[in-house]
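Here are my notes on this one, written as numbered points. Keep the viewer open while you read.

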Amino acid sequence: MTLQLILIIIFGLGAIWFGWRVFMTSSMVRSALSLLASMAFLGFLFLALEAEFLGVLQIMMMATEMSIMAIFMMMYMMDPGGMSGMDMSHQKKPSIIAASVTGALVVLVILFTNWGSMAVTVPAAARQNHDLGIEVMKRSMMIFETAGVTILVAMIAAAATALVYKKDMI
Amino acid sequence: MELQITLIIGAILFGIGLYGALSQTNLVMIMMGVELMLGGCMLNLVAFWRYLHPETYSIQMFVLVVMTVMALEAAVGFAIATQRFRSKGSVESEEASDLKE
């Protein structure tokens, strides 16, 4: 077993464990922080897979996003501390069946696919960043620009959705 | 071997996220499930880049796009939750049956 494989397994188990804890705890803060930990382990996993820029980006973005999410959760939950032991789930059995069937099917596809030869080495981190920048500015520029416009649209849509509308406002 | 294990981790994360998105009643918890599913997808993309096409950077580009989608989903979702909480006083999907009419 190589060091990379060991790291992948450790970080992957961490991500899965905290992802599972998100829905198994009744305290909302714990749930948001578990999601933060799961996403951070995902970032470490990217680092272990030698995608350094993506790993650091993932950790930084998710840390901010999940902290904001924790605040929103406390604002909107009926029982944010989970002290009264409310059950916040419905249609449990169908969801467990749907999730495990989907997961099992995907695992079967993974195991019975011939993936061909594996790449042993990847370009160095600086080289990756350079080539990713070239890619973004050349061939995939349209997609990247579309992502930028989508961010703008989502910002306007979010602000417009959250506004208060009164009858005598207009 | 590494590729398969990484993909299986992604599949398990996707399954957990699907369970959460289907079973939770609170809008914010449903969004958490969707985030976990998108996380599994990103892991798949990174694994494909690392083990199959390390010279193809459009894969890394798509990881950036998925990350953007995660942030936007959170932003629009919180806006909907804010408006829903303002008008109805709760973000429970069980109490949103008025949307059916």
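1. Let's start with one residue: in which helix is the place of A:Ile16? Look in helix α1 of chain A, residues 3-24. Keep in mind that this is a predicted model.

2. Is A:Ile16 buried or exposed? A residue counts as buried once 20 or more other C-beta atoms lie within 10 Å of its own. A:Ile16 has 20 such atoms within 10 Å, so it is buried.

3. Who are the neighbours? Leaving aside residues up to four places away in sequence, A:Ile16 touches B:Ile9, B:Ile12 and B:Leu13.

4. Next, chain A as a whole. It has 6 helices and 0 strands, and reading along the sequence you get α-α-α-α-α-α. The C-alpha atoms fill a box of roughly 60 × 45 × 25 Å along the principal axes. The radius of gyration of chain A is 21 Å, whereas a compact globule of 170 residues would be near 15 Å. Of those 170 residues, 26% count as buried.

5. Chain B has 3 helices and 0 strands. Its C-alpha trace spans about 50 × 25 × 20 Å along the principal axes. Here the radius of gyration is 17 Å, while a compact globule of 101 residues would come in near 13 Å. In chain B, 53% of the 101 residues count as buried.

6. How do the two chains meet? In total, 61 residues of chain B are in contact with 69 residues of chain A. On the chain B side, α1, α2 (27-51) and α3 (58-88) each give two or more residues, and α3(B) has the largest share with 20 residues. Sorted by class, that side of chain B has 41 nonpolar, 15 polar and 5 charged residues.

7. Then have a look at the largest nonpolar core, which holds 67 residues. The members that touch the most other members are A:Ala15, A:Leu45, A:Met73, B:Leu13, B:Val28 and B:Val46. Helices α1, α2 (28-48) and α3 (52-76) of chain A, along with α1, α2 and α3 of chain B, each supply at least two residues of this core. The largest share, 14 residues, comes from α2(B).

8. Setting aside residues up to four places away in sequence, B:Val28 touches A:Phe72, A:Met73 and A:Tyr76 from chain A, plus B:Ala81 and B:Val91 from chain B.

9. Last stop: helix α4 of chain A, residues 92-111. Which residues of α4(A) are buried? They are A:Ser95, A:Ala99 and A:Gly103. These three cover an arc of only 50° around the axis, which puts them on the same side of α4(A). The general rule behind this: an α-helix has 3.6 residues a turn, so residues three or four places apart point the same way.

10. What about the other side of α4(A)? Exposed residues there include A:Lys93, A:Ile97, A:Val101 and A:Leu108. As for the buried residues of α4(A), what covers them includes α1 (2-23) of chain B.

How values were computed:
Residues numbered from 1 in each chain as written. Chains lettered and ligands numbered in written order. Predicted model: local features only at pLDDT ≥ 70, side-chain atom pairs only at ≥ 80, totals over all residues. Helix = DSSP H or I, 4+ residues; strand = E, 2+ residues; numbered from the N terminus. Rg over C-alpha atoms; globule rule 2.2 N^0.38 Å. Buried ≥ 20, exposed ≤ 12 C-beta atoms within 10 Å, placed from the backbone. Arc of directions from axis to C-beta. Contact = placed C-beta atoms within 7 Å. Nonpolar A, V, L, I, M, F, W, Y, C, P; charged D, E, K, R; others polar. Core = buried A, V, L, I, M, F, W, Y, C linked by C-beta atoms within 7 Å.
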